[in-house]
Amino acid sequence: MHRRTTRHARCPQDLPVRTSCTQKARDGVFLPAVRLCAVLAATVATAFPAAAESTYGYNSAGTGTLTATGRVNLSVTVPKLILLRVGAASTVQANLGWTPSISIPAAPTTPATGNNTAVPWDGAAPTVAAGTQPGSLTVAAWTNAGAGTINCAVSTWTPATGGPPNSSFTVTATGSLSHPGANLGACASTSFGSNALASGTWAYVLGGTPASWNAGSYSATVTYTASGV
């Protein structure tokens, strides 16, 4: 019987580590030899410290004042951050809803769900109001950028026509964070300072002429964008 002999590879000292390792791996040398070469390469890379500035002063006579200087460059990179909160402290969008109320004259009578319900209507047009206004939203913004701004945009309503226009929604702000525009039909831009918390509340009030709106469910989304330069 023939005994199979296993050869153990070594990285020659007279060859560059990268060259010898690559060549031996290509020639079919066992994996432990390749790992050894990798360790040697890492050792060589860490054996020499980063370059540093060094100077000296010298006087052969041994007199006078000598100086030697060494300089260190300092660098600080401050990350940029901007934060905006509209509504509750969560990751879910705030929802505001209105249900206009209708009153039938002359009693007046508030309609109840049903059909063929008797009512002493006097023939005048019913009164339609915007209904109960929702509570205000807590808002806050912060940035360490040079300047912060907030803009708003209202998406297309679904359905697109028949309901209240954007200008029917007025927004009243309290605190140190102004709303970007007096109403949602006039979205503009508002600014807030750097490295100082701006906060307060925004109260949305639906006005306009509800009696001119068609029956139905309307929805849209207001998107606020805070930017830091």
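**Exercise 1. Classify Asn 195 as buried or exposed, and describe its backbone.**

Solution. 
Step 1. The relative accessible area of Asn 195 is 52%. In this predicted model, the cut-off for exposed is over 50%, so Asn 195 counts as exposed.
Step 2. Asn 195 is not a glycine, yet its phi is positive, at about 60 degrees.
Step 3. Asn 195 sits in the loop that runs between strand E7 (189-192) and strand E8 (198-206).

**Exercise 2. State the order of helices and strands along the chain, and how much of the chain is buried.**

Solution. 
Step 1. The chain holds 2 helices and 9 strands.
Step 2. Followed along the sequence, the pattern is α-α-β-β-β-β-β-β-β-β-β.
Step 3. The chain has 229 residues, of which 18% are buried.

**Exercise 3. Judge the confidence of the prediction, for the chain and for residues 28-34 and 36-41.**

Solution. 
Step 1. The average pLDDT of the chain is 85, and 78% of the residues score at least 70.
Step 2. Residues 28-34 have a pLDDT below 50, and this stretch makes 6 contacts in the model beyond near neighbours in sequence.
Step 3. Residues 36-41 also have a pLDDT below 50, and for this stretch there are 6 contacts beyond near neighbours in sequence.

**Exercise 4. Describe the aromatic pairs of Trp 98 with Phe 169 and of Trp 202 with Tyr 224.**

Solution. 
Step 1. The count for the structure is 3 aromatic pairs.
Step 2. Trp 98 and Phe 169 have ring centres 5.2 Å apart and planes at 70 degrees. Planes over 60 degrees apart count as edge-to-face, and this pair is edge-to-face.
Step 3. Trp 98 lies in the loop between strand E1 (82-86) and E2, while Phe 169 lies in strand E6 (residues 169-175), so the pair ties together parts 71 residues apart in sequence.
Step 4. Phe 169 has a relative accessible area of 6%, so Phe 169 is buried.
Step 5. Trp 202 and Tyr 224 form a tilted pair, 5.0 Å from centre to centre with 45 degrees between the planes. Trp 202 is in strand E8 and Tyr 224 in strand E9 (residues 222-228), 22 residues apart. Trp 202 and Tyr 224 are both buried.
Step 6. Ring pairs also join Trp 98, Trp 157 and Phe 169 into a cluster.

**Exercise 5. Locate the salt bridge and say what it connects.**

Solution. 
Step 1. The whole structure has 1 salt bridge.
Step 2. The partners are Glu 53 and Arg 71, whose closest N and O atoms are 2.9 Å apart.
Step 3. Glu 53 and Arg 71 each lie in the loop between helix H2 (31-46) and E1, so the pair ties together parts 18 residues apart in sequence.
Step 4. Glu 53 has 37% relative accessibility and so counts as partly exposed. Arg 71, at 65%, counts as exposed.

**Exercise 6. Trace the surroundings of Tyr 218.**

Solution. 
Step 1. Tyr 218 lies in the loop between E8 and E9.
Step 2. Leaving aside neighbours within four places in sequence, the contacts of Tyr 218 include Trp 157, Pro 159 and Gly 163.
Step 3. Tyr 218 and Gly 163 are 55 residues apart in sequence, while their C-alpha atoms are 6.5 Å apart.
Step 4. The side chain of Tyr 218 reaches two backbone oxygens: that of Gly 162 at 3.3 Å and that of Asn 214 at 3.0 Å.

Key:
Residues are numbered from 1 along each chain as its sequence is written. This is a predicted model: local features need pLDDT of at least 70, side-chain atom pairs count only at pLDDT 80 or more; totals for chains, interfaces and linings use all residues. Side-chain values use heavy atoms; hydrogens and water are left out. Helices (H or I, at least four residues) and strands (E, at least two) are DSSP runs, numbered from the N terminus. Buried means under 20% relative accessible area, exposed over 50%, partly exposed in between (1.4 Å probe, protein chains only). pLDDT is the predictor's confidence in each residue, from 0 to 100. Contact means heavy atoms within 4.5 Å. Rings of Phe, Tyr and Trp (its six-membered ring) pair if their centres lie within 6.5 Å; planes under 30 degrees apart count as stacked, over 60 as edge-to-face and the rest as tilted. A salt bridge is a side-chain nitrogen of Lys or Arg within 4 Å of a carboxyl oxygen of Asp or Glu. A polar contact is a pair of N or O atoms within 3.5 Å; within protein, one must be able to donate a hydrogen and the other to accept it, and residues adjacent in sequence count only if both atoms are side-chain atoms.
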